[in-house]
Amino acid sequence: MDETRSRQIVIAGAGIAGLTAALAFAERGYAVTVLEQARQLEVVGAGLQLSPNATRILRRLGVLDRLAASAIRPEAVVLKDAASLRELARVPLGRAGEDRWGAPYLVAHRADLQAALTVRVGECRDIRLLTGARVTDITVAPQNIAVTAQTDGGSVEAAAGLLVGADGVWSSIRAQLAGREPAFAKSRFCGELAWRATVAAESAAGKAFAAVGAGDSVTAFLHPGFHMVAYPVSKGSAFNLAAFTKGKRIAEGWSGHADPAILSRAMRGTAPALARLVALAGPWTAFPIHTVEQRRWTMPQGIALIGDAAHAMTPFAAQGAAMGIEDAAMLAGLVGDFPDDLRRSLTTWENLRRPRIEKVLRRGALNRLAWHAWGPVAIARNLALATRPAEKLAADLDWLYGWEERKVVRR
Ligand SMILES: Cc1cc2nc3c(=O)[nH]c(=O)nc-3n(C[C@H](O)[C@H](O)[C@H](O)COP(=O)(O)OP(=O)(O)OC[C@H]3O[C@@H](n4cnc5c(N)ncnc54)[C@H](O)[C@@H]3O)c2cc1C
């Protein structure tokens, strides 16, 4: 491959996965062009839990310092019964978690992470970020991927040795590949809705939250067919609430509307104080949760899908963004390791990432089953949690939060 071309990377999408990939490739000395369809980087979504497997990478890439001003390090994840508000279990995070997993567990507003990544990207002279540039066409020629993006004024062309599709769950790169190879698949509505609201700590809803949850922790309220996760963001000036119910598919996108009666019905039988919080916290924004399950994430000619574009997952393990961050760091590492053999880098990357992603998917499915359980299953869950010491609950997460690329890739 032409030496200059092989050192050029085009990334479609400036979400969490795309911006992390840009930084990781620039760290390896590549010239990176990021094409983002939005004119301005969207402040979408609400809170994010960032586990140590992700913050370790963000620290190495110089992002964590910039996030520190707004992020919070919660003391614990606390599971509560949504009907009785009784504490079922507590997983210690804070200093104990940082000592255990070697990096902090943080909660932050998604916009704060996006801003920290963007600032860091702006400091790297090898990264060119073009907003208002929607990738519409890719041409795969031997040793050269040509990308066309539509802009307000016309179009831009970019050519590279590697195209990274980090364009999210509704990825247009994936759609184009699916037209050529059936191994690339469409996203699928998983039957669940995510409901989100952010409340100011000083508001009536913020005070209602203080009556049922802890201001310094991540609290998950469990109920048959429903759960809600709440935690502080923006240095404690607000709380992020995310509730999950079954529901019908609504419009695609991150900011939708659904009938609030679905949420109230799912909360029947929960404690009045929790129902009061949910009523005060509205209006809620609903998101249909889509997943992507496909047999391939790469094309040996030089295309890799990462993050939600490759394997969008349900948020029940709070790992979607973290997996995109891991994907990005490991891809840049392996492409840099075998500069003359892109096919080998991509195959190795995909073979190493797949078992990890599948294990995280299984953990998410288990969490959903346990958290939405009812009747005898819920009783068994509560008993199991009551008898398992906090130390053991933390140890159960070592494989997930203690992940480090260097433990997987022998260099
Ligand atoms: C309710 C909920 C709670 C969650 N909580 C957590 C959590 O606590 N922790 C966690 O780790 N994860 C969490 N996730 C998952 C996480 O939000 C996603 O996995 C993550 O944001 C995906 O990042 P991404 O960069 O892959 O995709 P995106 O963030 O979707 O970014 C894709 C980017 O590509 C751009 N784009 C799209 N098409 C094109 C195109 N054709 N050309 C150019 N640009 C394009 C988009 O505009 C966008 O900027 C949660 C998800 C949900 C729904």
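Strand S9 (residues 144-151) pairs with strand S10 (residues 154-160) in the antiparallel sense, over 7 bridges. Strands here are DSSP runs of E of at least two residues, helices are runs of H or I of at least four residues, and both are numbered from the N terminus. Two strands count as paired if DSSP finds at least two bridges between them. S9 is joined to S10 by a hairpin of 2 residues, and valine 147 stands opposite alanine 158 in S10. The model is a predicted one, in which local features need pLDDT of at least 70 and side-chain atom pairs count only at pLDDT 80 or more, while totals for chains, interfaces and linings use all residues. Residues are numbered from 1 along each chain as its sequence is written.

An open sheet is formed by 7 strands in the order S5-S4-S13-S14-S15-S12-S16, with mixed pairing. Strand S5 (87-92) and S16 stand at the edges with a single partner strand each, so one side of each is left without a neighbour in the sheet. From one strand to the next, the twist averages 20 degrees. S12 and S16 pair in the antiparallel sense over 7 bridges, and phenylalanine 189 stands opposite histidine 290 in S16. In a regular strand, the side chains alternate between the two faces of the sheet.

The loop between helix H10 (272-281) and S16 holds proline 283, which is joined to glycine 282 by a cis peptide bond with omega of about 0 degrees. Leucine 85 lies in the loop between strand S4 (76-81) and S5; phi of leucine 85 is near 65 degrees, a positive value in a residue other than glycine.

Helix H2 (residues 16-27) packs with helix H12 (residues 320-337) at an angle of about 25 degrees, with the axes 8 Å apart. Axes are lines fitted to C-alpha atoms, for helices over the stretch in contact, and angles run from 0 to 180 degrees between N-to-C directions. Residues are in contact if their C-beta atoms, placed from the backbone, lie within 7 Å. Ala, Val, Leu, Ile, Met, Phe, Trp, Tyr, Cys and Pro count as nonpolar, Asp, Glu, Lys and Arg as charged, and the others, Gly among them, as polar.

H2 also packs with helix H6 (residues 110-123), at an angle of about 25 degrees and with the axes 10 Å apart. H2 and H6 are therefore roughly parallel to each other, and their crossing is left-handed. Ile16, Leu19, Thr20, Ala22 and Leu23 of H2 meet Leu113, Leu117, Thr118, Arg120 and Val121 of H6.

Around the ligand there are 35 residues, of which Gly13, Gly15, Gly168, Gly307 and Gly320 come nearest; a residue is near if its C-beta atom, placed from the backbone, lies within 6 Å. H12 supplies the largest share of this shell, 4 residues. By class, the shell has 18 nonpolar, 12 polar and 5 charged residues.

Technical notes
Angles under 35 degrees count as roughly parallel, over 145 as roughly antiparallel, 65 to 115 as roughly perpendicular and the rest as oblique. A crossing is left-handed if the near helix is turned anticlockwise from the far one by less than a right angle, and right-handed if clockwise. Two residues are in contact if their C-beta atoms, placed from the backbone, lie within 7 Å.
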